[in-house]
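Q: I'd like to learn how to read a few features of a protein model, one at a time. Could we start with the words used for how much of a residue is covered?

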Amino acid sequence: MDGDPAVESELDSFSLILPLPFRIAFILVLGVWAWGVNLHYLYLLKIDVPSLIKYSSRTSSPLPHHQRTYALATTITGPLLISLFFFWTLTRGNPAAVLSWDIIPQSYLFLLCLFFLIPYKRLSPHGRFRFLTTLKRVSIGGIAEAQDGRFGDILLADVLTSYSKVLGDLFVSLCMFLSSGKSSTDKPDRGCGGTYIVPIIISIPSMIRLRQCLIEYTRVRDNPQKTAATGWGGQHLANALKYSSAFPVIILSALQRGYDPNRIALSETGLFRLWLFAVFLNSFYSFYWDVAKDWDLTIFSPSSSHHSYAPISPSFPSSLSSDPLSPSFPSRQQHPYPYGLRPRTHFHTPQIYYTAIGIDLVLRCTWSLKLSPHLDHWNDLEGSIFVMELAEVVRRWVWIFFRVEAEWVRAKSGGGAGIGEEVLLGPLPSRM
């Protein structure tokens, strides 16, 4: 902490401006803003997200949920900006000062935790309590029944998988802060606490989703009233396999980082090729699931261009009947739906869906940068790691729009069922 030149030289210019604790805080706060934007835009599309996640506010506030989320985001953003201002003023890019003032960003992370615990009425206390209750349930791999908010549990658990590396960095930051002779604003020691502690933490969100999928499989299997429509639960097992495919990637990445030829019966090249196979499988399996299962798009279906659609609110023509048996209901010949989409959509143009598919594919494959001899070192820079973590949060933000929209379409087309009845990963009806 005394400005040792050997230590100071390890701090790059990016870490001098935005050290690890502030990077963690930035991504966490950004997530709250992103959720507010999700709620806001879906609200404009008349998609009732609170009803899908079974959330009913106990407050009498006339403000819609997205405005209350914006209020919470604003409240936690203010102290972050103040902390950054004081940190930059005190350190002025000096490495010794950056190492000495790690108390400032760590204090903000502590304050951020308190924001979700303090029972302050103006900060959406019921919403924060619901978040903590759901987090407590999903943290052990639990999942509510459909009528109790199953969909909300799935959304939160999936978001946690996108924050897995951020959670790993949060542990690293705390470990370095509490370790003697270390500073949390120093170059991150991702081996802090042991070689495999951080990989285990990173794998926990995938373990959570894996257990949730297995619970859903047993519910379907043990349901005495299951029908051909509900199936035998095979899709839940396939979803569990998707989350399982993340573990080889995490393990092989850890082995590459701490490669020891005396302990690993593989050359570095062989280990890299094994990792490459694992990450390729995980990325493209996950991409397929995002598009075909989570979003219910038909781009991977051979007959996807032979269907038709009749858009519902807000773009459903008011002069036409929504009853499929009515003469005024749009015919299949009148409304062939765009290639790769589905019978009912809420977003205004097909290009939005195609763009989302492209974004999901590109951000699922950021690992491919390691294949370039000119960019392979880019992955080891702290600024690059931050951009990768940020890109995954952005990908999940885009994913939420279409995941919620697909669930809304399922709920509204469930054979006369209300919003409370959810169709779990099932195909959409071809006739709406």
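A: Happy to. Buried means under 20% relative accessible area, exposed means over 50%, and partly exposed lies in between. Arg221 has a relative accessible area of 42%, so this residue is partly exposed. Please keep in mind that this is a predicted model.

Q: What does Arg221 meet in a salt bridge?

A: The general idea comes first: side chains of opposite charge can pair when their charged atoms come close. In this structure, the side chain of Arg221 meets that of Asp222, at 3.0 Å from N to O. A search of the whole structure finds 19 salt bridges.

Q: Which salt bridge ties together parts that are 359 residues apart in sequence?

A: Look at Glu382 and Arg23, whose closest N and O atoms are 2.7 Å apart in a salt bridge. Glu382 belongs to helix H16 and Arg23 to helix H3 (residues 20–44), so the pair ties together parts of the chain 359 residues apart. As for cover, Glu382 is buried at a relative accessible area of 6%, and Arg23 is buried at 3%.

Q: What does Ser15 touch, leaving aside residues up to four places away in sequence?

A: With those set aside, Ser15 touches Arg23, Val98 and Glu382. Ser15 sits in helix H2 (residues 13–17), and its relative accessible area of 3% makes it buried.

Q: Where is Asp290, and which residue does it meet in a salt bridge?

A: The side chain of Asp290 meets that of Arg395, at 3.3 Å from N to O. This pair links distant parts of the chain, with Asp290 in helix H14 (residues 268–294) and Arg395 in helix H16, 105 residues apart. Arg395 is buried, with a relative accessible area of 1%, and Asp290 is buried with a value of 1%. Salt bridges can also join into a network: here one links Arg150, Glu216, Asp294, Asp296, Arg403, Glu407 and Arg410.

Q: Now for rings. How many aromatic pairs does a search of the whole structure find?

A: The search finds 18 aromatic pairs. To read one, check the distance between ring centres and the angle between planes, where over 60 degrees counts as edge-to-face. The rings of Tyr353 and Phe402 have centres 5.3 Å apart and planes at 65°, so they form an edge-to-face pair. This pair links distant parts of the chain: Tyr353 is in helix H15 (residues 350–364) and Phe402 in helix H16 (residues 382–412), 49 residues apart.

Q: Are Tyr353 and Phe402 buried or exposed, and which cluster do they belong to?

A: Tyr353 counts as buried at 1% relative accessibility, and Phe402 is buried with a relative accessible area of 4%. They belong to one aromatic cluster, together with Tyr41, Trp295, Phe347, Trp397 and Phe401. A ring can also have a charge over its face: Arg396 lies over that of Trp399, at 4.5 Å from the ring centre.

Q: Last one: which residues form a nonpolar patch on the surface?

A: Ile82, Phe85, Phe86, Leu90, Trp101 and Ile103 form the patch, with about 600 Å² of accessible area together. Helix H5 (residues 65–91) gives the most to this patch, with four residues. Ile103 lies in helix H7 (residues 103–115); with a relative accessible area of 40%, Ile103 is partly exposed.

Terms used:
Residues numbered from 1 in each chain as written. Predicted model: local features only at pLDDT ≥ 70, side-chain atom pairs only at ≥ 80, totals over all residues. Heavy atoms only, no water. Patch = residues over 30% accessible without salt bridge, like charges linked within 9 Å, V, L, I, M, F, W, Y side chains within 5 Å. Areas by Shrake-Rupley, 256 points an atom, 1.4 Å probe, with all protein chains shown as cover. Salt bridge = Lys/Arg side-chain N within 4 Å of Asp/Glu carboxyl O. Helix = DSSP H or I, 4+ residues; strand = E, 2+ residues; numbered from the N terminus. Buried < 20%, exposed > 50% of the residue type's maximum accessible area, 1.4 Å probe, protein only. Phe/Tyr/Trp six-rings, centres within 6.5 Å; stacked < 30°, edge-to-face > 60°. Lys NZ or Arg CZ within 6 Å of the ring centre and 35° of its normal. Contact = heavy atoms within 4.5 Å.
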